[in-house]
Amino acid sequence: ETNLQVDIYNGVALVTGQAPDSGLISQAIAQVKEVEHVRKIHNQVRVGKPLGASSQAYDIWLANKVRAKLLTSENVPAMQIRVVVQNAEVFLMGRVNNQEATYAVDIARNVDGVTRVVRAFEIL
């Protein structure tokens, strides 16, 4: 069983989730490459079993916590950042400058419950 999520922001695709083996991950990435206007892909699919409902609910809660922290920061254009959470790993997408990216990662990294932060930004 596979659980994949594809988020696209300005031609950049972030593929997250879980698949039982690397072969299925490769197939999924190949399909995303066929999508029109996708010019870059961040493959962040993990080999493993799909997350259960409680993990998914926790991820939604964690994403909202990260978004709230980003919204309260004066150094981050929060409305230009998409937050994706899979298994307590936070993925940040959007078009920001290097300093804004650094601030956003630092904010997300310091949210209680976040295990890892991955930058999938497009740096201006």
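1. In this predicted model, the face of helix α2 that is turned away from its buried side carries the exposed residues Ala53, Ser54, Ile60 and Leu71. The buried residues of α2 are Asp59, Leu62, Ala63, Val66 and Leu70. Seen down the axis of α2, these buried residues fall within an arc of 105°, so they line one face of the helix.

2. The length of α2 may also be checked. This helix comprises residues 53-71, and its 19 residues should span 27 Å at 1.5 Å a residue. The C-alpha atoms at its ends are 27 Å apart, in agreement with that expectation.

3. Helix α3 can be read in a similar manner. It has twelve residues, and the distance from its first C-alpha to its last is 16 Å, close to the 16 Å expected at 1.5 Å a residue. Buried in α3 are Ala101, Ala104, Val105, Ile107 and Ala108. These residues cover an arc of only 160° around the axis, which places them on the same side of α3. Gln99 and Arg109 are exposed on the other side of α3. The buried residues of α3 pack against α2, β4, β5 and β6.

4. The salt bridges deserve a separate reading; the structure holds four of them. In one, the side chains of glutamate 122 and arginine 39 meet, with an N to O distance of 2.7 Å. This pair links distant parts of the chain, 83 residues apart: glutamate 122 belongs to strand β6 (residues 116-123), and arginine 39 to the loop between α1 and β3. Arginine 39 has a relative accessible area of 53% and is therefore exposed, the cut-off being over 50%. A network of salt bridges links Arg39, Arg95 and Glu122.

5. With arginine 46 it forms one in which the closest N and O atoms are 2.7 Å apart. Since glutamate 89 lies in strand β5 and arginine 46 in strand β3, the pair ties together parts that are 43 residues apart in sequence. The side chain of glutamate 89 also meets that of arginine 116 in a salt bridge of 2.8 Å, N to O. Arginine 116 lies in strand β6 and glutamate 89 in strand β5, so this pair ties together parts that are 27 residues apart in sequence.

6. Asparagine 87 is partly exposed, with a relative accessible area of 43%, whereas alanine 88 is buried, with a relative accessible area of 8%.

7. Which residues does alanine 13 contact, leaving aside its neighbours within four places in sequence? They are Val6, Asp7, Ile8, Val32, Val38, Lys40, Ile41 and His42. The C-alpha atoms of alanine 13 and alanine 30 are separated by 12 Å, and the two residues are 17 residues apart along the chain.

8. A last point concerns the surface. Val6, Ile8 and Val35 form a nonpolar patch there, with about 210 Å² of accessible area together. Valine 35 is placed in the loop between α1 (22-33) and β3 (40-47), and at 38% relative accessibility it counts as partly exposed. Two members of the patch, Val6 and Ile8, are also among the contacts of alanine 13.

Definitions and conventions: Residues numbered from 1 in each chain as written. Predicted model: local features only at pLDDT ≥ 70, side-chain atom pairs only at ≥ 80, totals over all residues. Heavy atoms only, no water. Helix = DSSP H or I, 4+ residues; strand = E, 2+ residues; numbered from the N terminus. Expected span 1.5 Å × (residues − 1). Buried < 20%, exposed > 50% of the residue type's maximum accessible area, 1.4 Å probe, protein only. Arc of directions from axis to C-beta. Patch = residues over 30% accessible without salt bridge, like charges linked within 9 Å, V, L, I, M, F, W, Y side chains within 5 Å. Areas by Shrake-Rupley, 256 points an atom, 1.4 Å probe, with all protein chains shown as cover. Salt bridge = Lys/Arg side-chain N within 4 Å of Asp/Glu carboxyl O. Contact = heavy atoms within 4.5 Å.
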